[in-house]
Amino acid sequence: MKIIHTVIATILLFILSCTNLDETLYDTIPFDKYPENAQQNATLGLSAYSPLSELTDYGGWWFCQEMTTDEMVGPTRNTDWDDNGKWRALQLHSWTNETEAIVGMWERYYKGIFNCNQTIDIVVNERDTATISEPAKVLIAKILTIRAFYYWLLIDNYGDVPYETSFFHANPAPPLSKRADIFNKIVGELNYAIPFLKNGPIHFGVSKAMAQMTLARLYLNAEVYTGTAMYDKCIPLLENLITTGGYTLAANVKDPFVTVNDNCPENIFTIYYDGTENANGKPEFNLHMRTLGYQSNVTFGMTVGPWNGFATLEKHYKLYSDNDLRKSAYFLAGRQKTADGKDLMDAETGSPWEFTPVIPALTISEAKGFTKAQVRHSGVRIQKYEIAKGAGQALANDYVIFRLTDAYLMLAECYAIAGNLAKVKENLDPIRTRAGIGVSDVYDLEAVKLERRREMFYEATRRQDMIRWGTFNTNWWSATLADFNTQNSNLFPIPKKQTDANPNLLQSAQ
Amino acid sequence: MRNKLRKTRVLLLLCLWAIPFMQLLAQDIEIKGKVTDAVTKEAIIGANITVKGTSKGALSNIDGDFVLLIPVGSTINISFLGYNAQNIVAESQTLSIELEPSVQKLDEVIVIGYGTQKKSDKTGAVTNVSAAELNTGVLTDPIQSLQGKASGVQITKKGGNPNDGFSVQIRGSASFGSNQPLYVIDGVPGVDPTTIASDDIESFNVLKDASSSAIYGSRGANGVIIITSKKGKSGASKIDFNSFVSLDVVSKKLDLLSASDIRSFITQNNISQVDAGASTDWQNEIYRVAKTQNYSLSVAGGSDKSTYRVSGTWADYQGVVIGTDKKRFNMSANVNQKLLNDKLIIEGGINGTFEKNDYEDFGGNGPTDIMYQAFQRSPLQPVRNDDGTFYENIGYGFQYFNPIATVNSIQNIRDAKRFRANASSELEILKGLKAKVSGAYSRDDDESFYFVPGDAPTSGTTGKGERKYNNIEDKLIEAYATYETKIASKHNVNFVAGYSWQQKTFDGFNAMGTNAQSPSVEANKLQGLANVTWGSIGSYKNSWTMISAYGRFIYNYDQRYALTATLRQDGCSKFGANNKWGTFPSGSVAWTLKNESFLKDVNFLSQLKLRVGYGLTGNAETLESYWSIQRISANAKKISLDDGSNVILFQQDWDANPNLRWENTEEINIGLDYGFFNNKVQGSIEVYNRTINDLIYKYSVPQPPSPTGNVYANAGQFRNRGIEVNTQLQVINKQKLTYKTSLIYSRNISKVLNLSDEANELRWKDKIRYEIQARGMVGQKTQILDVGYSLGTWYLPHFVRFSSDGAMLYETEAGGVTRDFTKAALKNAGSAMPKHNIGWSNYFTIFKNIDVTIALHAVLDYKVYNVSDMYFSNPTLLPNFNANQQAVDWYEGKIDGTPVASDYWLEDGSFIRLDNVTIGYTLPMPKKFKISTLRISCTANNLLTITNYTGIDPELSYNNVDFGLDNFNVYPKVRSFVFGVQLTF
């Protein structure tokens, strides 16, 4: 019996001690312990940048700024690139609030804003602003800049959006704020932050020039955002950037876009890529895959065959004269060659690969009477970002968001509107000379617009420019594309997923 | 013949006269006996004869005869399953023993969790299937033996990949996470059912309704399958050897064009086409006739005090698709020891499973998916060039690769080891009061190797080598007490109260490199790969703990009225801080009308019992550890903005939800057990209504302020209602022929009740879902999951007719037609959930040593979306790629066959499948071979499938809320011809 007593006692003791159900974390850090040490403290600001890397792919930003314009298109080639019409919808302006690219943008911007708000709240930690150290203030200034950058993209694309600045006291279902109000707030935040920021050359972090570029873009498009033009505010800002920013124009047209462009003196703000896949296993920078032909890997020595899709439109390609260095630097046209200079033969048609400028229709299919060669070869392709030998599905080139040439062009535009043609010439000539087309005799606003179109091609500015210049809603395909939606589509709709989750976003949505 | 027998008998008698003189001297006599069935007078083969007080024993042979040399005057015990045992004092030297069959099945014992119950006392919906009734033949997983045997239990597998598991769905259980039942093997819950060999299974007990599975609390919502393994029996050691070999063939190929079909298409339509000059049937190239082998050996025996069983099974399942294979070795040993005058019973067992799998990719339509590559590949191209290298032609199409070359270049294998040990001791403290303490420990680990050489055409990243290792450690301690007593002869009570503690830890590691520089070193030495980046090396670790207290009370009055009540309290570390503990009660009553005075004398009625049960159970499997707490994790390697050095980016990637808890099921079950003509006809009917609440899913929350716009939360609600009928008939029971048949039927109707939670601002966002994964069809969704619909509802444009110029026309909202499918109205087009499930098993014995089994099951009235037909009917595939005959017809008829999701491609998936047909012959064995039974058998699995479905196979798998697409890249179903030999010593 004694044995039985001991056994029962042991069991009871065991039962009483084993009621602990707290979760033990092994491979993640509990939130209340973060940041754990000085090293994590130093990298607190990094999370703010992380959604940027997805913006050139499923994050949708690049697609929404380029594929909706007259400089890039993703035609349907037989059944390839049909993808339930999501590419055609962008070109035809017939997108809905469920179109993938539009849904993706919102998610990335607000993920970035969440990271910014969380970082600021962790650093400030509910303290009085007077007790915050100088380094912390600099960090906060940088985060405010990045957050303003995200909010600028939000008001540029969606118009009225929620404006949230707190992590600890987040509003669970925030309402919309007016576009003009957010504009004023972020202009104020940028003006506050600029004195704290350093001069360049800094290429993939926040610098003074990056904040100035964001502010300049806001002023440049102010009439679209608020109804009041602010070109005059742009001029001193950009002059200051050019003279004191710490950046200089690159010597060659290709320099900002080569594989190792980390130290290009002209790049002000880039998305850092290193040619590897991100945490989700998706290649990060793969625009080249979408445009190059199925067998272009032979031409470039790539390890994998591209997807033969996107191309530039004929009208855009014709803007470049034959002596323009950018024509051959940015584009891939005509007969394609193998590594030893022979014609690259298309295994399916039996004829050589030849990228032709003419794109006969938005849907090019043999069923509609086009030839196999037309289906596969139509459209001039893009090699603006260098494709290194041995490149795979992800390129290591950093994607350029802001560069000094952009500042020159913006300044030229503001001067042209102000009527100061001499200043326009001063800002356009370096660009023209570098491109090999020499000086011009005309320096009016139209000349600036033309130069901006040629130079900033592929850099996700075209949609913003077309809206500012009032040409976004005209059918540039003419008769061949009767389905083009000419209604005002200057704003993207708020994604359905978001309005379903938060009905407050439906009120007064335009 | 008769003369010979008489002569032999005379000789024997003469010898027998002589022997006793010798025996008197030795005190041992030789006993010869014959065991027969008292009713049919047939010999009983394999009856167990033991001698009390010794470990001597024997088994009766095919004639029912046995011989024993035993001390004079000792008592022998003769027993056999299904008969009342007899004790006889050995006085005469020839014994003629007639065993009475026990009242069929009523005394059968069912396992109900933490105890057993007589079938006659059952109050819940529990189905018991014993080893003799299970399916035989090629069973890639032991759960396959239960297919078609238990009503309400849907065991399915899409395709015939030996490396794929089965999905088991009980009573329509559904979840966005796991809807699979809980497996309990020898009392240990949560064990992988593939770690036990089919030959080691004694019985399956399925707890179907909540009133019986509530004893398992937060893990019983999807039903519980209790597997009991074979144990030793007292008596002579019995050696069982069971083996089979089989030839497996593909039961149906996809109907595509041949090389000559394409050539005549080209000439008839005057197309200029590059012709490589070969005629290849790519499906034949990737399929093969496969061999399966299975050998098992077991030894069991013991005395009254201790019994043991040791077994080992080796199986090799070669897949019918080249490059796929599964080899498995199970070994197990268990011991049962009685001490302290039978008051203390100690049991222990160890189990080991070693498995090696060889995989090929085939789930999608990428470069390495060999089935898609084989289907689409032009038959005009050869497999190899003249010099023996593989013919590639990569630029021919998008991601166009030779599948045979892929099988030969990619290595993808897994090596798994599972080990489990369990021990228990049960002590009878007082009369009727027993206490049991048990513990179990198991380790599952598996290692995978993946290697693509640098020169393989599919290696986009110049080759890749990867090794992964996953380890699961499971610890269980349980203690419970049982008190059983009879009060005043009519009141039977049974109490169980217990405690359980279980902890499961998961950890793993993986390392990968690209740019493989040595094809022979493969992934054995990862240093042979030149490119390793951050993220190529990773590891993880997580764990959960569950603590429970449970109790059960069973009361039975006079074998007429029974009541069962259970209560379980489960706490789990996975549950959110606001919901750490859950309570799961249940109650059921049963009224045995047959034992009432007004029915006692109705002779044709042998059983009539009415049962009603109610229970609340939970499903904790969908919930993963740590979803309820806020965490920061290492996300990526970045460059520091200050000094350019490498730093790790830490980020919060999820929304925590402290309210997360288990999914729960509430069910009412009403059952009727019946029996006629001395149980010649018996069965049961069950009717149930179950509501599944708090389904966990990633619901939409406002973004901002959420970082992702999603959070895991409990909000969904489904309902299942249904009926299950099962009947067994002993049709013929004569000397020369016995025939027993078993028929099961079930019907389940599901409906979505709720998918959002207004109070917590959780919104359902995935109403239109289930995308077709085919080239160029990104974004075309096919089903709707919303309030008011059943699971698996097709939601598609309605095809009206073809226009005069060959375009498909769909119905618009207004009732007109349009050729633009984006403007068509989406309509409810039927369900992928079958209406009727039927199983029919027939067991014959002819001339006492020939046994025949015919088992089939049918799944009726549901719609499958034939993606293969849709994709390969596209005329633009021709003549470069392979297509089907419809593509040729449509090309010539100028029909626009661009694949578009519509109800044109839905087909009725009803089928009847002849699962197994077995003929076995038990050979008469002369005594001198010392073999008790020798049986040879022939089995055909999937001999015949009757269906109108035109694709490869209409069988679907229901382990998800999305099912019904036959996406042309499903491993083919297999037809097997099996030859088996079974020996018992």
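In chain B, α9 is followed by K894(B), a residue with a positive phi, near 55 degrees. The model is predicted.

**Helix α9 of chain B**

- The helix spans residues 885-892, and its buried residues are A887(B), V888(B) and W890(B).
- Viewed down the axis of α9(B), these buried residues fall within an arc of 170 degrees, so they line one face of the helix.

**Extent of the contact between chains B and A**

- Chain B contributes 73 residues to the contact and chain A contributes 67 residues.
- About 6,100 Å² is buried between the two chains, with 63% of this area coming from carbon and sulfur atoms.
- Of the area that chain B buries against chain A, 11% is supplied by I632(B), L641(B) and Q703(B), more than by any other three residues.

**Polar contacts and make-up of the chain B side**

- Between chain B and chain A there are 12 residue pairs in polar contact, with both residues at pLDDT 80 or more, and 0 salt bridges.
- Elements of chain B that give two or more residues to the side touching chain A are β24 (464-487), β25 (491-516), β27 (537-557), β28 (561-572), β31 (631-639) and β32 (646-651).
- That side of chain B has 33 polar, 30 nonpolar and 10 charged residues.

Notes: Residues are numbered from 1 along each chain as its sequence is written. Chains are lettered from A and ligands numbered from 1 in the order in which they are written. This is a predicted model: local features need pLDDT of at least 70, side-chain atom pairs count only at pLDDT 80 or more; totals for chains, interfaces and linings use all residues. Side-chain values use heavy atoms; hydrogens and water are left out. Buried means under 20% relative accessible area, exposed over 50%, partly exposed in between (1.4 Å probe, protein chains only). Helices (H or I, at least four residues) and strands (E, at least two) are DSSP runs, numbered from the N terminus. The arc is that of the directions from the helix axis to the C-beta atoms. Contact means heavy atoms within 4.5 Å. Buried area is the accessible area (1.4 Å probe) that two parts lose on being put together, summed over both. A salt bridge is a side-chain nitrogen of Lys or Arg within 4 Å of a carboxyl oxygen of Asp or Glu. A polar contact is a pair of N or O atoms within 3.5 Å; within protein, one must be able to donate a hydrogen and the other to accept it, and residues adjacent in sequence count only if both atoms are side-chain atoms. Ala, Val, Leu, Ile, Met, Phe, Trp, Tyr, Cys and Pro count as nonpolar, Asp, Glu, Lys and Arg as charged, and the others, Gly among them, as polar.
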